[in-house]
Amino acid sequence: MKNWLLTVLFLLLSTLLLFAQTKKPLKITGKIIDSADHQPLAYVNVTLKENAKSLAVKSVQTADSGKFQLTIPITGINDYKLTLTYIGYKAKTISIKLDKPVNDLGDILLSTNSSQLKAVAITASKPLIKQEIDRLSYDVQADPQTKGQNALDVLRRTPLVTVDGNDNIQLQGSGSYKIFINGKPSPLIDNNPSNVLRSMPADVIVRIEVITTPPAKYDSEGLAGIINIITTKKTNNNSYNAVAGARYNNVFGPNLNLSATAKKDKLGISGFVGIGQQPAAPNHPSNFRETVGSTPTILSQQGENAAHGNSVNSSVQLTYEVDTLHLLTGVFDYFAGKYTRYYNPFSVYSVPGGNILESYNLLTNGGYNFLGTDAGLNYEIGFKHHKGELVTFSYRYNYYLLGQYSNVSAVNRFNYNDPDNNQQNDASSWEHTVQVDYVHPHKNLTIEAGAKAILRDNFSNSGGQIATATGFVNDPTLINNFNYKQDVYGLYNSYMLKITKWTFQGGVRAEHTRVNANFSSNGSLLNTNYTNVVPSLSVQLNLKGNNSLTFGITNRLQRPGMSQLNPYIDKTNPQIINTGNPFLTPVISHLFELSYNKISTKGSLNLRLSYLYTNNSIIPVSKVVGDTLTINSYENVGQNKILRTAVNGNYMLNNNWSLNFNTGIFYVWISGVYNGQYYSNQGPRTNTFLNTSYKLNNDWVVAVSGGYNRRYVNLQGGSNDYKYSTLSITKTLKNFVLTASGNNLYASHYSFTTYTKTNQFYQINDADLVFRNFNFSVSYKFGGLNANIKKNKHGINNDDAISTGN
């Protein structure tokens, strides 16, 4: 009912606004470029004044493309002058006569002020954070301290995103979100985000978009929104450029990467490849569990754990401009990795007072491997007599495989009789997607519509053996073959309307989902169908002085992903096992947000207030069976509410000293019934990041940063706080960039603790992290470019299957 009310409200509002346009405003557009190299100039101050009174009417800054647009109401005054100012360039004033609805000034040249450049340094600051109507954009290329880092490090600096001590990612305090690479998701990232993002160098990232109120053209999945990592850079004609880099970290090992772009006439190519090797870095985790009741028991585990392996991460995009109205784009991504690990805890099972019931040394050797391929084709058609009208046809194929294995044995046994065992699991998915999108701009109204079909097959094949007197034999309790087919069919219609200072964006998306699942090992079946209607509405008001207010409201959907559904029972630790839940159901959230944004030549500031409500949430849960075994899984049991405030921005303190900050303070309420017990938990959380950098001269930059994340608030418990810091120094030498950094210099190890408390038991899990580490990197740029590669404006974005960051 709420969905339909929001839909009706949006349609009524759109109708009223369309009828309100009795007078069409006047528009002034243009593009500011450098007179020497004809490259666009971003963040030039453009001020419109009345000729007669020299009174400022409106002011804006140019976008990254150098383009600007001013919109003013009709007043009867036609004579104006346009003033352009940019530090390091000569100011320019242009007299204009507004005698038609749209006044396009074309390319406007600005020339450098050589005398000014000799006297002072350029102090204009390109904003790191930019507020758009439905998203925040973090400009990674404009942040000097990201040199030599990886994508996971960059996410720690991104507004509204939290990365904890175990490298789990959350968006706006929620573990339900989607991660895109260049506007499209990858099942590999969904199931293994930390490893994939750690292998991606920050040098290839242009910006990160945090889409908090996704428009209707995006699939409805991701309760808290979408994290879109953009790696595609603008490239030029009949030439190429490239960046080769090498990085070494004493904990995470070496990494080599290459990114390149090139264009020859109508054919363009861009992409990157990175390879990494992670050495074994031993740490010492521990577990403690105490049961309550008439016969309380205590489990204590302490031991050593380490993993090592190799990974490769690559992406390539080809474009072919058939003519000015037809564009063909092909994309291919490849991810792969193989890791081995060992875990050797000493386990003691006792009663309070110290009497030991059983004890043993566990020797676990195993590992995992992953493989992902993604191939897509887009065909875009323009229309000669209607600029901006587009039809795009898209197809995408995706394959993902995650294999796990473990060999578990016990020595030094005391009253411990469980047999040694081996386990294997292969989880894979195939996905085919077809999509058509249509865009129709009409004056100040843009209409979009489209249709999409996603056909998925997910498989999990599990097996295991136990030791007997005559050798290892198959264990029927460890065999489970699971097939989960999910088909999603979607339609959407969205509108964007611009009226003077106002921008309205809204739409509706309808999705029908069919699920067919079976457990071939026991013959169980699961068949279900459901339909969701998801409305969204965003409103932006542009104020004087480059200020804006933005309001958004949307519903979002969470479908359980394979990592949550997989019934594979992981017995790597026989006392604390992990398994999925194939009977999870989808979840719907409701999000409201209000933000204020200000941009100046000194920096930017963004203030945000949001409220997220979710019922029947999919959350991690734990229970104890027989006083000896902890089972971790997932259930639809939580009612979750998050009220959040956030402050993000950057500021130039002087010509050489800059400050970058983002902080979120939020309050969490969570409640639900699991295993016969009602749970309720609440409390404040925060994630704060602060970075400052200082230019010693044109070649050297010193930077210091730090972050603090207050504890998790979970249904059955929480965690301790987490803090981190980095000191770095960067040297630029012609085409070379050299960076050295030290992370968390004050501590060699850090214990990230999570705890669970129920009426059955109390459990503490300590993850011992190798905390202090050093990073050295070098990159080299070469090549030269002149014109941009054309990109498809639309393509396939399968954001409908969950990423988890719990």
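Before the pairing, a definition: I call two strands paired if DSSP finds at least two bridges between them. The model is a predicted one, so I keep that in mind because local features here need pLDDT of at least 70.

Entry 1, strand pairing. I began with β32, residues 587–600. Which residue in β33 is the bridge partner of isoleucine 599? I found serine 604. β33 covers residues 603–625, and its pairing with β32 is antiparallel, with 12 bridges. How many residues does the hairpin use to join β32 to β33? I got 2 residues.

Then I checked β30, residues 547–558, against β32. This pair is also antiparallel and runs over 12 bridges. For glutamine 558, I noted valine 587 in β32 as the bridge partner.

I looked up a nonpolar patch and got about 810 Å². Its residues are Leu267, Ile269, Leu318, Tyr320, Val322, Leu328, Leu377, Tyr379, Phe393 and Val436. Which elements give two or more residues to the patch? They are β18 (267–278), β20 (298–323) and β22 (356–382). The largest share is from β20, with 3 residues.

I picked valine 322, which sits in strand β20.

Conventions
Residues numbered from 1 in each chain as written. Predicted model: local features only at pLDDT ≥ 70, side-chain atom pairs only at ≥ 80, totals over all residues. Heavy atoms only, no water. Patch = residues over 30% accessible without salt bridge, like charges linked within 9 Å, V, L, I, M, F, W, Y side chains within 5 Å. Areas by Shrake-Rupley, 256 points an atom, 1.4 Å probe, with all protein chains shown as cover. Salt bridge = Lys/Arg side-chain N within 4 Å of Asp/Glu carboxyl O. Helix = DSSP H or I, 4+ residues; strand = E, 2+ residues; numbered from the N terminus.
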